[in-house]
Amino acid sequence: MENNNFIEKLLDGEEVEWKALGELIDKAPKSKIGVKKIETLGEGNIQCFTSGKKTYYVDDFLIDGEYIFVNDGGVADFKYNIGKSYYTDHIFAFTSNEKYKMYILVKYIYYILLNMQNHINENMFQGSGIKNLQKKAFAKLQIPIPPLHVQEEIVRILDTFTELTAELTAELTARKKQYTYYREQLLTFADGEVEWKALGDLGEVIRCSGMQKKDFVEDGYPAIHYGQIYTKYSMCADKTFTYVSKSLYEKLKIAKKNDLLIATTSENDQDLLKTVAWVGSETAVSGDMMIYRHNQNVKYMAYYFRTTTFQKQKTKYITGTKVRRVSKNNIEKLQIPIPPLHVQEEIVNILDKFDTITTSIQSGLPKEIEQRKRQYEYYRNLLLTFPRQE
């Protein structure tokens with residue numbers, strides 16, 4: 001399926017017509033319910049479309065049929081559904097009108113709009129603050145309309161890519177649940193089975209200070225800023241993304257191989273005390289972090305910090321309102337089970353395999369999903385780019 005030879009063969013000399021989107025569609029009635037009132041509808045199996053990322057299912061519906069949904073504020077985020085649907089007041093819903101129902105596929109329009117999403121965001125969402133969809137400009141958007149059999153083939157191909165990605169995503173979700181289950185099982189010990197120790201008794205908690213993002217240099221000494229723990233690093237790392245000057249490096253606390261790096265401030269409790277098992281060479285560490293130095297398996301420690309038991313335990317030591325934090329003294333009080341080192345290693349080996357499958361962008365399912373998405377976007381662009389005849 002190289003260049004547009006495939007489309008040319010499908011068209012077989014037939015022409016592609018262009019029409020304004022407004023001519024092709026009928027708007028659904030505007031919803032009067034906001035996101036906060038979704039709960040009043042009751043839980044069900046009918047999808048409710050909102051302008052956010054969260055998916056809701058309710059026991060009521062506004063429309064029944066084949067429809068496309070898009071946010072009328074913020075950015076375009078097109079969704080498609082066939083059957084009963086509900087939607088909130090910040091959603092614009094539409095379908096093909098009666099005149100063109102036998103002339104154009106709703107699913108084809110959906111794919112066309114997805115392919116034009118960047119253009120729509122840049123040119124049809126305007127306003128200060130949260131931008132609004134300019135519906136008059138949106139209605140004038142020119143849509144290419146090949147013959148129906150060509151639309152059907154394009155939809156069939158793109159549906160195949162979409163279904164494959166959905167299958168892989170479902171597999172990843174199942175694997176994550178399985179991974180979480182085994183992590184909890186492997187890191188749960190019966191009374192008296194292992195010794196429990198406070199972190200302060202087991203090793204040394206080192207408070208860090210200094211270093212801001214403005215201190216980063218292009219080439220220098222390795223350094224980790226606490227904010228990067230949330231955005232850049234996975235559970236285990238051996239290389240930094242940033243560097244600082246030699247003069248600053250010499251003033252900062254330095255993490256060594258097998259240290260556990262702990263982010264001690266966050267805007268939410270869930271992320272608080274997120275850790276990185278550091279297995280690289282020495283690196284500087286910023287404030288709002290602690291270095292935990294010990295003689296245990298560092299990845300075992302990092303895995304345990306993710307368990308439900310540990311997450312519950314940390315809550316009684318959290319302070320602050322807007323910014324949530326745990327002090328050095330309280331970190332030292334946190335208890336952790338300590339099986340023999342060879343048992344720690346066995347647990348780590350098992351969990352590493354799950355972690356690779358569920359989180360690795362080099363060799364796991366996330367990499368495969370990303371590849372399929374890129375492949376889908378490539379062919380979507382290829383299949384939906386038609387020559388515009390004057």
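Modeller: A salt bridge here is a side-chain nitrogen of Lys or Arg within 4 Å of a carboxyl oxygen of Asp or Glu. This is a predicted model, in which local features need pLDDT of at least 70 and side-chain atom pairs count only at pLDDT 80 or more, while totals for chains, interfaces and linings use all residues. Residues are numbered from 1 along each chain as its sequence is written, and side-chain values use heavy atoms, with hydrogens and water left out.

Colleague: How many salt bridges does a search of the whole structure find?
Modeller: The search finds 16. One of them joins the side chains of Lys19 and Glu17, at 3.5 Å from N to O, and Glu17, Lys19 and Glu23 are linked in a network of salt bridges.

Colleague: Is Lys19 buried or exposed?
Modeller: Lys19 counts as buried at 18% relative accessibility, whereas Glu17, at 34%, counts as partly exposed; buried means under 20% relative accessible area, exposed over 50%, and partly exposed in between, with a 1.4 Å probe and protein chains only.

Colleague: What does Arg293 form a salt bridge with?
Modeller: Its partner is Asp259, and the closest N and O atoms are 2.7 Å apart. Arg293 lies in strand β21 and Asp259 in the loop between β16 (253–255) and β17, so the pair ties together parts that are 34 residues apart in sequence. Asp259 is buried, with a relative accessible area of 2%. Helices (H or I, at least four residues) and strands (E, at least two) are DSSP runs, numbered from the N terminus.

Colleague: Changing topic, what is the strand order in the open sheet of five strands?
Modeller: The order is β12-β21-β17-β19-β14, with mixed pairing, where two strands pair if DSSP finds at least two bridges between them. β12 (204–207) and β14 (236–237) stand at the edges with a single partner strand each, so one side of each has no neighbour in the sheet. β12 pairs with β21 (residues 289–293) in the antiparallel sense over four bridges.

Colleague: And at what angle do α10 and α13 pack?
Modeller: Helix α10 (residues 298–305) and helix α13 (residues 341–359) pack at about 65°, with their axes 9 Å apart; axes are lines fitted to C-alpha atoms, for helices over the stretch in contact, and angles run from 0 to 180 degrees between N-to-C directions. Residues making the contact (heavy atoms within 4.5 Å) include Tyr300 and Tyr303 of α10 and Leu351 and Asp355 of α13.

Colleague: Which residue does Asp355 meet in a salt bridge?
Modeller: Asp355 meets Arg306, at 3.8 Å from N to O. Asp355 is buried at 15%, whereas Arg306 is partly exposed at 30%.
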